[in-house]
Amino acid sequence: MPDTMPQNGAYMVAAYIDAAVILLVYALFLFRRSRRSS
Amino acid sequence: MTLAQRGRWITGVALLLLAGVYVRALVFTPEEIHQGLAQKIFYVHAPAAWSAMLSMGLVGLSSILFLLVKDPRYDRFAAASAEVGTAFSVVMLTTGPIWGKTIWGTWWTWDARLTLTLFLFFLFLGYLLLRGAVTEPGLRARYSAVLGICGLVLLPFIHLSVYLFRTLHPAPIVLKPSAPSLPPEMLVTLLCSFGVFTLLYVGFVTLRYAIGDGGERDA
């Protein structure tokens, strides 16, 4: 077992924000396009 | 209820469940001792990779069906799945390097798994560019079906690349012949995330399919 846990929480936060932004932006893009086409 | 409304509902529910997965992963799932908090990137990176591969798999299958029965709905589904797969590929290809930087010490390395997943992304892009470039609908459907089948052929190589080549990328933890090698709390979070990303794929594809050929030129 390592003496100290790696301090890399910022990388985790960055990855979670990155995934959320990409998926939300794409969802909004599809919502808008579907409203316009209907 | 129209197809577009159904797609909006499924996507909305999937996004709410995704928020639930975030809370479970970030608050209620234990930290891995060796990798620390960065290991939790796994709960978004692996399901995004799964959804990207699922997208390309279904692009390939519906392309085969299109070439066999010439039903334009299969072509339309393949186009919808390719666009959605591109979005999931971007999630996979951006979260992976963030994880790699802190664990491997480098954002990117040209090993077999990473290079093949980048190639998958370029196949998605090529597929979408091809559809935008060919104006005649019949020709567009046939050309893109061939490219879609090429993508399907690539998938087993991506999955098996960690066994076939020396690579930094870890071997599969769940999709392997033996039992999953994860503690139960982590496994439940991962499986929940896989389920939510799959539902998100279904919602996105339903919406995109309902939108139809928007953006593509017809002759």
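Predicted model: local features only at pLDDT ≥ 70, side-chain atom pairs only at ≥ 80, totals over all residues.

Is the crossing of H1(A) and H1(B) left-handed or right-handed? I looked it up: H1(A) and H1(B) cross in a left-handed way, the term for a near helix turned anticlockwise from the far one by less than a right angle.

Residues are numbered from 1 along each chain as its sequence is written, with chains lettered from A and ligands numbered from 1 in the order in which they are written.

Next I checked the angle. The axes of H1 (residues 9-37) of chain A and H1 (residues 3-28) of chain B cross at roughly 165 degrees and come within 11 Å; axes here are lines fitted to C-alpha atoms, over the stretch in contact, with angles from 0 to 180 degrees between N-to-C directions. So H1(A) is roughly antiparallel to H1(B), a label for angles over 145 degrees.

Then I listed who touches whom (contact: C-beta atoms, placed from the backbone, within 7 Å). From H1(A) I noted A:Tyr16, A:Ala27, A:Phe31 and A:Ser34, and from H1(B) B:Ala4, B:Gly7, B:Arg8, B:Thr11, B:Leu15 and B:Tyr22.

For the whole chains, I found 24 residues of chain A in contact with 35 residues of chain B.

Last, I looked at chain A by itself. Chain A has one helix and zero strands (DSSP runs, H or I of at least four residues for helices, E of at least two for strands, numbered from the N terminus). Its C-alpha trace spans about 60 × 15 × 5 Å along the principal axes.

Definitions and conventions
Contact = placed C-beta atoms within 7 Å. Parallel < 35°, antiparallel > 145°, perpendicular 65-115°, else oblique.
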